[in-house]
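I set out to record what could be looked up in this entry, step by step. The notes follow the order in which I went through the topics.

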Amino acid sequence: MTVVQVYVGEKHWKQVENPVKIKEIVIPAKTKEVILEGISVNSGYSSKLLPPPEKETLPKQVGNKTECGLLGFVRGLGGSYDEIRSDYPEEGFVHVYTFNSVRKNMSTVIRRPDGIIRMYTKGASEIVLKKCKSILNRNGEVIPFSTVDYDRIVQTVIEPMACDGLRTICVAYRDYQADALPDWDDEANVVDQLTCICICGIEDPVRPEVPDAISKCRSAGITVRMVTGDNVNTARSIALKCGIISPNDSFLVLEGKEFNRRIRSRPDGEVEQNLFDKVWPQLRVLARSSPQDKYVLVRGIIASKLNPTREVVAVTGDGTNDGPALKKADVGFAMGIQGTDVAKEASDIILVDDNFNSIVKAVMWGRNVYDSIAKFLQFQLTVNVVAVFCAFIGACIVKESPLRAVQMLWVNLIMDTLASLALATEVPTEELLTRKPYGRTRPLISRTMMKNIIGHAVYQLAVMLFILFLGPTVFDMDDGRPVDNVFKPSEHFTMIFNVFVLMTLFNEINCRKIHGEKNVFRGIFTNPIFYGIWIVTFVVQILLVQYGSFAFSCVPLTLEQWMWCFLFGAAVLLWNQLVNLIPATHHMPKWGAGEVYEPTLPVDSGPEGQARQASSLTKGQILWLRGITRLQTQVQVVKTFQEHVAKSPSSQCFV
């Protein structure tokens, strides 16, 4: 941050960040002395300017950036804040009023060499200026400061600075006699009757990447709201530069007081959700706000039911007072450089570079992880459904599962380990930021995914049952079904196993796209892990079939049989295009949706009599877990049935 404008000595100076322009400032020596002393002393001593890093010209700012900007102004006037601070060590301060986000100012009381007890105050310009009853004129003399003068300076100095996007800071002081000291605990009366020294306009330039990042958020269906303690005109100007609002928008830009007035029916009443719901959808900028206002905004949006899918709220913060809002939000982002330990502890994610663009990357990666889980679930459930039904039908009708136990182990290896590696390693792309976000109550298994699972399961079951019952006739091979409960490896059952694995492999390509995209090959070569695993699995499948022999209950297939297997497998890609043509209507089932339970949950007793919180799972998640458990139970039942048949005295099956 840098001081670029200053009002001092009844004159408004601009472009003071320029070393040439700042030397043109002509002020009395007394005024200059109180400016240098007031800024140097009434700032955190941890805030300082260090020599510029290599290949940079501006000094490195350490500590509070606003204070560093003011210290840079001290240097520009030819002063040395280090020398002044050495004259007034912190342990020698008479009293200190630290910065408070409610009063938006800070004060430091020192004992000067002439015996005068002086209090320096700096803070939000319109707030500090209201406490001023006098001001230093162009000659360095103290003259009265009336409400008319206040209105004039606000209109001619503060508002123009704010409209330029500058943070306005007023620096003032008050002298006390050593024999007539006030009650320092009575802050309201102590920090009053001040003398205005100057008003500084500090520029915090918008980073070049911020407008583009906010534009990406808008494309991704994310609404960006700015909550700041700055002047409303400053906040509006910065929001325009960032792209949060535009000149023709009808969105709300409110101050904290007006915001609280609108969401309460009485000034001292509680926040009413129905009134809050009338404000927040159009709110884009909340200026002169307190940390409590930020917390109320986050809590209210999370509790709102205007959107049936409920809003998911992310919050950024760097101060200790931001802790409650960061903790309450669904996702809390703390600043890694400027953030306090309290903010970092309360947050979920720490931005190590304090860059808004990193939030966009976090959104992109978050959506990619969610999609990766959905892709794997779609793939795994399709394989599970087909395997369970095929094994069940085979065991009931043919008295033998078409898939042997060792073959199922290979299928499980493909389904679990290899597929999870292949589908979970997709690199996030900008395409993820072109669709709307998922709602809070969105089902994990969407209607489109359920349509794909059912559609592909029907095709794969039809193909496997076709080969099971009509394969020997159509493909001119011996019937491999057991005779007198004796199973022998055959081309018939080997072809069933081979077709199933190839259909699974090609369906793995389909599962790369879960939102109805037609081109399932798009970006496939950007993920070498995926196509590497796919090729290795395909090669291993050939080796298992051709050379697996009795170990995998297989016999080698002819080239013609391999071509038929490959045709049935590759047809999954064409079948996927047909499935995509089927609309995912509301009649299509979905899994994983449910109402969100409130944070306050009943308490039950643990096994040792200790109280514990009830599960925070949604109803949909519980149903989803029950469904998975039932599916696994079905597989276990079929395997147990097979083992029972194998151990029967009348059975002589080879496994």
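This is a predicted model: local features need pLDDT of at least 70, side-chain atom pairs count only at pLDDT 80 or more; totals for chains, interfaces and linings use all residues.

I began with Arg 103, which at 22% relative accessibility counts as partly exposed. I next looked up the partner of Arg 103 and found a salt bridge with Glu 187, the closest N and O atoms being 2.9 Å apart. This pair links distant parts of the chain: Arg 103 sits in the loop between β5 (95-100) and β6, and Glu 187 in helix α7 (residues 187-190), 84 residues apart. Glu 187 is also partly exposed, with a relative accessible area of 23%.

I then searched the whole structure and noted 19 salt bridges. One of the pairs joins Arg 112 to Glu 37, with 3.1 Å between the closest N and O atoms. Arg 112 lies in the loop between β6 (105-111) and β7 (117-124) and Glu 37 in helix α2 (residues 29-41), so this pair ties together parts that are 75 residues apart in sequence. I checked burial for this pair: Arg 112 and Glu 37 are both buried. The pair belongs to a network of salt bridges that links Glu 33, Glu 37, Arg 112 and Asp 114.

I also followed Lys 122, whose side chain meets that of Glu 67 in a salt bridge (3.3 Å, N to O). Here too distant parts of the chain are linked, with Lys 122 in strand β7 and Glu 67 in helix α3 (residues 65-76), 55 residues apart. Lys 122 counts as buried at 8% relative accessibility, and Glu 67 is buried with a relative accessible area of 9%.

**Helix α3**

I compared the length of α3 with expectation: at 1.5 Å a residue, its 12 residues should span 16 Å, and the end C-alpha atoms are 16 Å apart, which agrees. I listed the buried residues of α3 as Thr 66, Glu 67, Cys 68, Gly 69, Leu 70, Leu 71, Phe 73 and Val 74. At the start of α3, a side-chain oxygen of Asn 64 reaches to within 2.9 Å of the backbone nitrogen of Thr 66. Just after the helix, I noted that Gly 78 takes a positive phi of about 90 degrees.

**Cysteines**

I looked for disulfides and found 0. Cys 170 is buried, at a relative accessible area of 0%, whereas Cys 396 is partly exposed at 42%.

**Nonpolar cores**

I recorded the largest nonpolar core as having 55 residues, with Met 464, Ile 467, Phe 497, Val 499 and Phe 500 making the most contacts inside it. At least two residues of this core come from each of α15 (356-398), α16 (405-423), α17, α18, α19 (528-547) and α20 (559-581). The largest share, 12 residues, is supplied by α18. I examined Ile 467 in particular: beyond residues up to four places away in sequence, Ile 467 touches Pro 472, Phe 475, His 492, Met 495, Ile 496, Val 499 and Phe 568. Another core lies apart from the largest one and has 36 residues, among them Trp 13, Ile 25, Leu 49 and Ile 110.

**Two buried polar residues**

I looked up Asp 371, which lies in helix α15 and counts as buried at 5% relative accessibility. Which side chain does Asp 371 join in a polar contact of 2.7 Å? The partner is the side chain of Arg 435. Apart from residues up to four places away in sequence, Asp 371 touches Leu 432, Arg 435, Tyr 438, Ile 514 and His 515. The C-alpha atoms of Asp 371 and His 515 are separated by 9.5 Å, although the two residues are 144 residues apart along the chain.

Ser 490 counts as buried at 12% relative accessibility. A polar atom of the Ser 490 side chain lies 3.4 Å from the backbone nitrogen of Phe 493. Leaving aside neighbours within four places in sequence, Ser 490 is in contact with Gly 480 and Val 555.

How values were computed. Residues are numbered from 1 along each chain as its sequence is written. Side-chain values use heavy atoms; hydrogens and water are left out. A disulfide is a pair of cysteine sulfur atoms within 2.5 Å. Buried means under 20% relative accessible area, exposed over 50%, partly exposed in between (1.4 Å probe, protein chains only). A polar contact is a pair of N or O atoms within 3.5 Å; within protein, one must be able to donate a hydrogen and the other to accept it, and residues adjacent in sequence count only if both atoms are side-chain atoms. Contact means heavy atoms within 4.5 Å. A salt bridge is a side-chain nitrogen of Lys or Arg within 4 Å of a carboxyl oxygen of Asp or Glu. Helices (H or I, at least four residues) and strands (E, at least two) are DSSP runs, numbered from the N terminus. The expected span of a helix is 1.5 Å times one less than its number of residues. A nonpolar core is a set of buried Ala, Val, Leu, Ile, Met, Phe, Trp, Tyr and Cys residues joined through side-chain atoms within 4.5 Å.
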